[in-house]
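Subject: Structure handover

Hello,

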Amino acid sequence: MVKIGFVGCGGIAQEHLKHLRTINDVKIVGVCDAIAARSRAFAAEAGAEVYADPVSLYDKAKPDAVCVAVPPFAHGAIEEEAAARGIHLFVEKPVAIDMAVAARVSGAIKRAGILSSAGYCYRYCDTIDTARALLKGKAVSLVTGAWIGGLPPTPWWRRRNQSGGQMLEQTTHLFDLVRYLCGPVQEVHAMVSRGCMSRVEGFDVDDSSVVVLRLKTGAVASITSTCIINHPGRIHLDIVTPEFTLTLNNGTVRVEEDHRVTEYRSECDKYAEENRAFIDAVRTGKKNGIRCTYADAVKTLQVTCAANESAETGMPVKL
Ligand SMILES: NC(=O)c1ccc[n+]([C@@H]2O[C@H](COP(=O)([O-])OP(=O)(O)OC[C@H]3O[C@@H](n4cnc5c(N)ncnc54)[C@H](O)[C@@H]3O)[C@@H](O)[C@H]2O)c1
């Protein structure tokens, strides 16, 4: 039996619960949320106990692992207290709001020798496996990507000191895929625009951004984001090599070559795969199936923190 706790019982926690319930011998033993009514409703659905805070959950329900599904600003002590008790960690992306918190938690995970997994769910898509295989040994020259969307409804999202802004909170998935598919980032230069969303109360994140990356391989990338539209948006990544251009779009991979276009459609549920990999690791103690550890996720956080810093200073940031 694998005993799981939840800290944070909002939207993404519901998604994880849905999948964990389908895995044999997994029991949700306890949950807690800053909003008591939310933890009660979630606990009722999960057949779990409610706890007032993470430490009571850890000490009384004694989970083997905890799913931390809180907004960016709330990370830190939740993970450190779990690590200190040898409780394995699944942490939603972005794993922290800044590098100082991330460094503290990384240290705690290392000292405790626990397993960690971060919620970069796209890494679990079958089509991302296909993209990785196709790109192996290829010289990537250019990457262009975009996250063109509207304002998410969660109230913390529009506040810079709670979400870290769109690059850090949302487009982080694309920055992570650039790293996962094309290798490490060396330099980051960002520009942002502000002022179109003044009608939205409490909105103090950027409206739109353009980030230029230099990868360690020498390739260049540009990742653009906006959260101001009120019509269906799009999320995509184009990876350009001398042999083909590979486009990721809604889980589909499209490969365009001279005289040929091939499409690969996803046949898996990335959240199901991500949860299964984590539970398998907790059950067996073997971490091979985990595609993004906490430490790996911190490297993606470093890129988005550098983008925020560059937007403020106007200067490129070397990593
Ligand atoms: N991987 C993905 O595809 C994906 C999708 C959605 C959200 N997320 C990430 O998951 C995180 C949560 O997003 P969400 O959409 O579920 O938000 P949400 O607002 O729906 O849920 C977050 C919950 O955390 C609770 N909370 C806040 N501070 C807390 C604390 N200190 N202790 C306990 N509970 C606390 C809130 O009350 C809320 O119920 C975000 O970082 C987001 O980026 C990831």
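This is a predicted model: local features need pLDDT of at least 70, side-chain atom pairs count only at pLDDT 80 or more; totals for chains, interfaces and linings use all residues.

Residues are numbered from 1 along each chain as its sequence is written.

Domains

The domain assignment, which is automatic or from a database, gives domain 1 as 2–121 + 271–291 and domain 2 as 122–267 + 302–318. Their C-alpha centres are 26 Å apart. Domain 1 puts 14 residues into the contact and domain 2 puts in 16, where contact means C-beta atoms, placed from the backbone, within 7 Å. On the domain 1 side, helix 10 (residues 270–284) supplies the largest share, three residues. That side divides into nine nonpolar, no polar and five charged residues. In this count Ala, Val, Leu, Ile, Met, Phe, Trp, Tyr, Cys and Pro are nonpolar, Asp, Glu, Lys and Arg are charged, and the others, Gly among them, are polar.

Helices and strands are DSSP runs numbered from the N terminus (helices H or I, at least four residues; strands E, at least two). Two strands pair if DSSP finds at least two bridges between them.

Six strands make an open sheet in the order 3-2-1-4-5-6, with parallel pairing. Strand 3 (49–50) and strand 6 (116–118) are at the edges with a single partner strand each, so one side of each has no neighbour in the sheet. Strand 1 (residues 2–7) pairs with strand 4 (residues 65–68) in the parallel sense over four bridges, and isoleucine 4 is opposite alanine 65 in strand 4.

- Strand 11 (residues 234–240) and strand 12 (residues 245–249) are antiparallel over five bridges, with a hairpin of four residues joining them. Histidine 236 is opposite asparagine 249 in strand 12.
- Strand 12 also pairs with strand 13 (residues 252–257), antiparallel over five bridges. Two residues separate them in a hairpin, and asparagine 250 in the turn has a positive phi of about 55 degrees.
- Strand 8 (residues 185–193) and strand 15 run antiparallel and are joined by two bridges; valine 188 is opposite valine 317 in strand 15.

Axes are lines fitted to C-alpha atoms, for helices over the stretch in contact, and angles run from 0 to 180 degrees between N-to-C directions.

A helix pair

The axes of helix 4 (residues 77–84) and helix 5 (residues 99–112) come within 9 Å and cross at roughly 10 degrees. That makes the two helices roughly parallel (angles under 35 degrees; over 145 is roughly antiparallel, 65 to 115 roughly perpendicular, the rest oblique). Helix 4 makes the contact through Glu79, Glu80, Ala83 and Ala84, and helix 5 through Arg104, Val105, Ala108, Ile109 and Ala112.

The ligand

The ligand has 23 residues around it, the closest being Gly8, Gly10, Gly11, Ala74 and Glu92; a residue counts if its C-beta atom, placed from the backbone, lies within 6 Å. Helix 1 (residues 11–20) gives the most to this shell, three residues. The shell holds 13 nonpolar, five polar and five charged residues.

Regards

Terms used
Two residues are in contact if their C-beta atoms, placed from the backbone, lie within 7 Å.
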